[in-house]
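Come and look things up alongside me, one entry at a time.

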Amino acid sequence: MKASMSEMEKRRILSEVALGNVPPDTIIKNGTLFNVFTREFIKDQSIWIKDGMIAYVGPDHDPLKDAETEVIDAEGMVLLPGLIEGHTHLNRTGIEEYVKHVIPSGVTTVVMETIELGLIFGKEGIEYFLRGLEGQPIRFYYTVAPLCGLTPSEEIKALKRREFLPLLRDPHCLGIGEIFWGNIFLEKQGERVQKLASLALDLNKRVEGHTAGATGRKLQAYTCFGVSSDHEPITEEEVMERLRLGYWVMIREGSVRKELPGVKGVFNKKIDFRRLILVTDGIDPEGFIEGGYLDASLRTAIKLGVPPEIAYQMVTINVAEHFHLDHLLGSLSPGKMADILIIPSVREFSPQLVMFEGKVIFKDGKATVEPRKTTFPNYMFKTVNIADHTFSPRPNKGKVRTMELVTDLVTKEKIIDLENPEESRDMVMLLALDRVGQGGEFMGLLKELGLQRGAYGTTMSWDTIDMFIVGCDTHSMETVIRRLMEIGGGGVYAIGDEIVSEFPAPLCGMYSLKPMEILNAEIKKLEESLKRNGVRWEKPCLTIDTLGTPAIPHLRITHHGYVRLRDRAVLGLEV
Ligand SMILES: [Fe+2]
C-alpha cells in the first residue's frame, strides 16, 4: 500500500518522538511489557504514544514532555496489545449493545462475518450492516459472506461478482467469509464459491474456511482452493492435521461450541504455536452477561494450562499476521496502533485499562466512550412475510423419513414405522416455511426434541431464508406463525392460543435492539419454558435455529424438503 503524505508525515513525527525531539501525547511507564515476537515479559518498560500510535517501547521513562503529555503509571502491572477477535458473528444482539459489551473485554479489533443480514437482503443488507460497524469506538474489519446454502434456493441473495468486487477491494474487507467445505465441491453452487475464492486470492485477501469433519484427501482438495483458516477442529488430531497443511487454526471457545477442553493436548506438543488463534465465533447474550467475551475464552485457556504467553499470541500477533495486519496491529512496537491493555498480572487477564488508538476507552471498571448509534431502514424490520399456507395432513401410517437429533446440533436421517409406537415415540412436526414472501413450505418430522406440548417457531435460522416451526399440534403452530409475523420475527413458544414466552428479534427477524440484560432474560425465559415442556437440549433455540444450515451434518431441512448433506439430495417424507 502506498503511504499518503499525511501518513508519511505522521510517521515522521512519530520517529521524532522516538528520537526525543517531539514530546509524546501519552507515556505509559513502569509496566511489564509482553513482547509478542519473542514471548518475553520484559520488566520496567515504557511506551511513548503520539497521534494514536506507538513511537517508542523500552526502558526510558523520561522523554521530552510538555504540559499536554499525560503519564500513566503501570507499576506492577502487565502491558499487552489490544486483543483481536479473528472470527465472530453478532449473536441475537444489535451492534451498539455488542460494542458496549466488547469494550471491557480488551478486544480492540474485530473481524466480523456478514452472513446474517446478507441472507435476507443480500448486498444491501451487508452494506447497512457495514455502515453500522463504521465509526465505532473499536475497530472493525469484515469478511464478505459467500452465503453458502443447502440448495441454490437458499443462495438467491448471494452477491453477484460485480457486487462482490467493490466490497472485496475495501481496505476493511479482509477476504471471503467462511466457505462450508461441502459446498465447494457441489456442481453449480461450488463453482460460484470457487470463483469468489479466486477473486479474493487475486487481491491478496483471505479465504476463510469451514472444514467441520473433513479429513485426508477431501480436506486437502478443499485446501487447494486457497483456504487458509479454519475454526472447526474439535480434536487434537484435527488441529494437528490442519496445522500441518498450513492452516491458521482458529480454536473456537464461544457460545455455540467450546473446543478448548477437547484440543488442549496440542499445547503439550513440541510444535510451533504461531498459527494457532483463539476465537469466539459468536457469544450469545447469556455468555456476555455471565462470562464475558474473548476475555472469558482467554481465561479458560489459561486455566486449562495454556501458557499465558502462548494464549496472548493467539489473540494478538497470530491473528494480525493471518490477516496481513501485523504492520499495524497485534504488537507493542514502534509504528503500530496504540491499542494497549493494562492487566494486573501475567496470569490474571482482567483489563484495568483499555486504550484504543491512544485514547482510554475503559478504565476503573467503566467505559469512557459510547457506541455510535446505528440505524436501519424500516423495511428491515418487516421481514416475516408468509404467503398463504395450509398444513399438509400429518401421515399416521406406514414408513416415513424423519430427522433425528443425535446431539443438540447434529442430526441424522431415520426411517420409522408410524404404526410402531416405540419408533414413533418422541416425534413432533417440523415445518420449514420460506419467510421472504415467495411461498414454499415443507412439513417434516423431528425426533428426539422432547417437546411435549405446544409449538415453537424461529426466524433466526442459520444460513437460510426459512423459518422453522416445531410443534405437537397445528393450532399452536398457527399461533406461533401469526405471532412471529406480528413481532417481526425472533422466537415464540405457544400452547394453543396462548403465547407462553417469546424473544422478539425484529431487525431482519435476526436481531433484537434491546439492552443485553433484557435479551438474556427473554431468551432464558423462552428456553426455560421449552425445557419445562420437555425439550431435553441445553439451548433449545440454538438447536432449532441450526436445522437448515449446511454447516452441520447429516440431514437438514428447507422448504423444499429434507436435504441429505452428503449428496444434497432433496427428500420427502415418503420412503
Ligand atoms: Fe462462524
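**Entry 1: terms and ground rules.** A nonpolar core is a set of buried Ala, Val, Leu, Ile, Met, Phe, Trp, Tyr and Cys residues joined through C-beta atoms within 7 Å. I call a residue buried if 20 or more other C-beta atoms lie within 10 Å of its own, exposed if 12 or fewer, and partly exposed in between, with C-beta atoms placed from the backbone. The model is predicted, so local features need pLDDT of at least 70 and side-chain atom pairs count only at pLDDT 80 or more, while totals for chains, interfaces and linings use all residues. Residues are numbered from 1 along each chain as its sequence is written.

**Entry 2: the core.** I looked up the largest nonpolar core and found 176 residues in it, with Leu79 and Val470 having the most contacts inside it. Helix H3 gives the most to this core, with eight residues. Helices (H or I, at least four residues) and strands (E, at least two) are DSSP runs, numbered from the N terminus. The core draws at least three residues from each of domain 1 (81-330) and domain 2 (379-571).

Contact means that the C-beta atoms of two residues, placed from the backbone, lie within 7 Å.

**Entry 3: two domains.** I see the protein chain divided into domain 1 (81-330) and domain 2 (379-571), with bounds that come from an automatic or database domain assignment. Taken over C-alpha atoms, the centres of domain 1 and domain 2 are separated by 27 Å. The contact takes 32 residues from domain 1 and 33 residues from domain 2. On the side of domain 1 that touches domain 2, helix H2 (95-102), helix H3 (115-133), H5 and helix H10 (285-290) each supply at least two residues. H3 brings the largest share of that side, eight residues.

I also sorted the residues of this side of domain 1 and got 16 nonpolar, 11 polar and five charged. For that sorting, Ala, Val, Leu, Ile, Met, Phe, Trp, Tyr, Cys and Pro count as nonpolar, Asp, Glu, Lys and Arg as charged, and the others, Gly among them, as polar.

Entry 4: I turned to the strands, where two of them pair if DSSP finds at least two bridges between them. Strand E1 (residues 26-35) and strand E2 (residues 40-50) pair in the antiparallel sense over seven bridges, and Thr26 stands opposite Ile49 in E2. The E1 and E2 hairpin has four residues between its strands, and Arg39 in the turn has a positive phi of about 65°.

E2 also pairs with strand E3 (residues 53-58), in the antiparallel sense over five bridges. Lys50 has Met53 in E3 as its bridge partner. Two residues lie between the strands of this hairpin of E2 and E3, where Asp51 takes a positive phi near 50°.

Further along, I found strand E24 (residues 490-495) and strand E25 (residues 498-504) pairing in the antiparallel sense over six bridges. Tyr493 has Ser501 in E25 as its bridge partner. In this hairpin there are two residues between E24 and E25, and Gly496 in the turn has a positive phi of about 60°.

**Entry 5: two residues on strands.** Is Ile72 buried or exposed? Ile72 is buried, with 20 other C-beta atoms within 10 Å. Ile72 is found in strand E4 (residues 70-73) and, leaving aside its neighbours within four places in sequence, is in contact with Thr26 and Ile28.

Asp44 has its place in strand E2 and counts as partly exposed, with 13 C-beta neighbours inside 10 Å. Not counting residues up to four places away in sequence, Asp44 touches Asn30 and Pro59.

Entry 6: I listed the buried residues of helix H7 (residues 216-223) as Leu219, Tyr222 and Thr223. Seen down the axis of H7, they fall within an arc of 100°, so they line one face of the helix; the arc is that of the directions from the helix axis to the C-beta atoms. Arg217 and Gln220 are exposed, on the face of H7 turned away from its buried side. The buried residues of H7 pack against helix H5 (181-184) and helix H8 (236-244).

In H8, the buried residues are Glu238, Val239, Glu241, Arg242 and Leu243. Their cover includes H7, strand E11 (229-230), strand E12 (248-252) and helix H9 (260-263). Just after H8, I noted that Gly246 takes a positive phi of about 90°.
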